[in-house]
Amino acid sequence: MAESNKPTILICSTSLFTDRILLYSSFAEYITSRARVSVWASSYPTNKEYWEQQGFTLEPFPAVSNFSEMLNVLREANNTAWAKALHAKSLLQTQALFRKSMLSKKNKVWWEWLPFLWYWLGSLVAFFRLHKPFEKFILKKLAVSNRSAEALTRLKNNKPDLLVSTNPMWSWESAVCVEAGKLNIPVFSFIPSWDNITTKSRFNYYSKAYAVWSDVRIKELHAYYHYTQNAPVYAVGAPQYDVFFDKQYIIPADEFFNKYGLRKDLPVVLYALGSPLFIKSEFGTCFMVLEAMKEKGMLEQVQVLVRPHPNKDNWDEFEKMLHLHPNVKLQDTGMPGGTPTVKRTQTQQLIADWVSTIYYANMVIAVSSTILLDGALLDKPLINVEFDPTPGHKFDEFLRNINRSWPHLVTLLNTNACHMVQSIDTTIDAMKAALNRPFELAAQRKEAVKVLLANTNGSAGVTFARAILNEVGGPK
């Protein structure tokens, strides 16, 4: 096909987790050979050298202003109304945790009372079953909002045939999608994780089509967003996992073990951490587990590689872990901690570190994290921590509930792929079981991958590209 006849596609990316789809999966080579593709990335040009080899036309992400305070209150009230109407425990429990945290603060400023305002407003809307017309009203308001004049100008100057949002729940990308709607540019929304449908704020715009990780997520999308039943929805898999099937991302064993000071004669326990902004006890729990392992002499028999969240690697107590025992190691997962979230991306070396870490680990421990799927993909024993032993046990009940009530975690729990642990002692027992019988839950891990991830063959990026091309009428 002649270059001039190829469809034009604009892709937005505002997270290192979606950057890696565009940079390292099978996606870029396939789609750029069949379409003219521009990318607006928040990590460009800060990380210019990582982007320039992919065949995209690149631009920085446009400036976006915040929602007006009134519009934000209405949006959040709409989120609450739908959470109530859908009996969405993941949203309701998170909101309750946030309000409880707000109440515990002293000397609150006026805006910290807004969550209570939108909670009661949304509750009233849900009580009178007005959530559908209320959302239509909100979406009409959002459709005429002006949050990115720069995006509107750039879209007018170079109008694409299709806009692809890779983070549709984020307010940054939704602002661009709203501006695209004003110009009748169709939007394709890719939901980039297994939990976004049931745990994130509602869409701020309508899309022509959607893509999700698996068939089970299609059912959730239809249940949470009734209007999507009339739109194409593609189960494309998780393109970021394509790298797990590419041998160039497996670091040679000697090099990997030397990099982190690991011994090849001892098993590696990977303890993966989430965001310190959400379940704040997670880091304290990890330290207490490590202390118990030391007391029981287990750190003489195994080594623990602690992996911070790639976007939240600036916790100020990591050093304390390193001084606990020589067999406790800390992984470098990202750019310097002071780098703003939206400016971060991952180099090829960091991607190789991620893949190789799972490859060489003997098990994966985490708190209901996506990294459990990473481990399942490579058939590693999985331990899911659902307790809070830290003083006050603030998150104990919350953690025990989420695996049994949050839809994405329920689908994982139902496969029985994880050792579910409720105390430090049962965590250590589960580690021993995983080391002694690593193949015990292999069939269940395989089932988890089958249920939660489509196209686990290294070509999910191609499948994603084909879905986009199908919507824009390009060659597939």
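In this predicted model, helix 4 and helix 7 meet through a set of side-by-side residues: Leu71, Leu74, Arg75, Ala77, Asn78, Ala81, Trp82 and Ala85 in helix 4 are in contact with His131, Lys132, Phe134, Glu135, Phe137, Ile138, Lys141 and Leu142 in helix 7. Two packed helices are described by the angle between their axes and the distance between the axes.

**Helix 4 and helix 7**
- Helix 4 covers residues 69-86 and helix 7 covers residues 131-143, and their axes come within 10 Å of each other while crossing at roughly 150°.
- Because an angle over 145 degrees counts as roughly antiparallel, helix 4 is described as roughly antiparallel to helix 7.
- The crossing of these two helices, helix 4 and helix 7, is left-handed.

**Aromatic rings**
- A pair of aromatic rings is described by the distance of the centres and the angle of the planes.
- The structure holds 23 aromatic pairs, and one of them is formed by Phe188 and Tyr234, which are stacked with 6.0 Å from centre to centre and 20° between the planes.
- Phe188 belongs to strand 5 (residues 187-190) and Tyr234 to strand 7 (residues 233-235), so this pair ties together parts that lie 46 residues apart in sequence.
- Phe188 counts as buried because its relative accessibility is 0%, and Tyr234, at 19% relative accessibility, also counts as buried, since the cut-off for buried is under 20%.
- Phe203 and Tyr205 form a tilted pair, because their ring centres are 6.2 Å apart and their planes stand at 55°; both of these residues are buried.
- Phe203 and Tyr205 also belong to one aromatic cluster, together with Tyr206, Tyr210, Tyr225 and Tyr227.

**Arg263 in its loop**
- Arg263 is found in the loop that runs between helix 12 (253-259) and strand 8 (268-272), and with a relative accessibility of 39% it counts as partly exposed.
- If its neighbours within four places in sequence are left aside, Arg263 is in contact with Phe257 and Gln303.
- Between Arg263 and Ile251 there are 12 residues of separation in sequence and 15 Å in space, taken from C-alpha to C-alpha.

How values were computed:
Residues numbered from 1 in each chain as written. Predicted model: local features only at pLDDT ≥ 70, side-chain atom pairs only at ≥ 80, totals over all residues. Heavy atoms only, no water. Phe/Tyr/Trp six-rings, centres within 6.5 Å; stacked < 30°, edge-to-face > 60°. Helix = DSSP H or I, 4+ residues; strand = E, 2+ residues; numbered from the N terminus. Buried < 20%, exposed > 50% of the residue type's maximum accessible area, 1.4 Å probe, protein only. Axes fitted to C-alpha atoms, helices over the stretch in contact; angles between N-to-C directions. Parallel < 35°, antiparallel > 145°, perpendicular 65-115°, else oblique. Left-handed = near helix turned anticlockwise from the far one by under 90°. Contact = heavy atoms within 4.5 Å.
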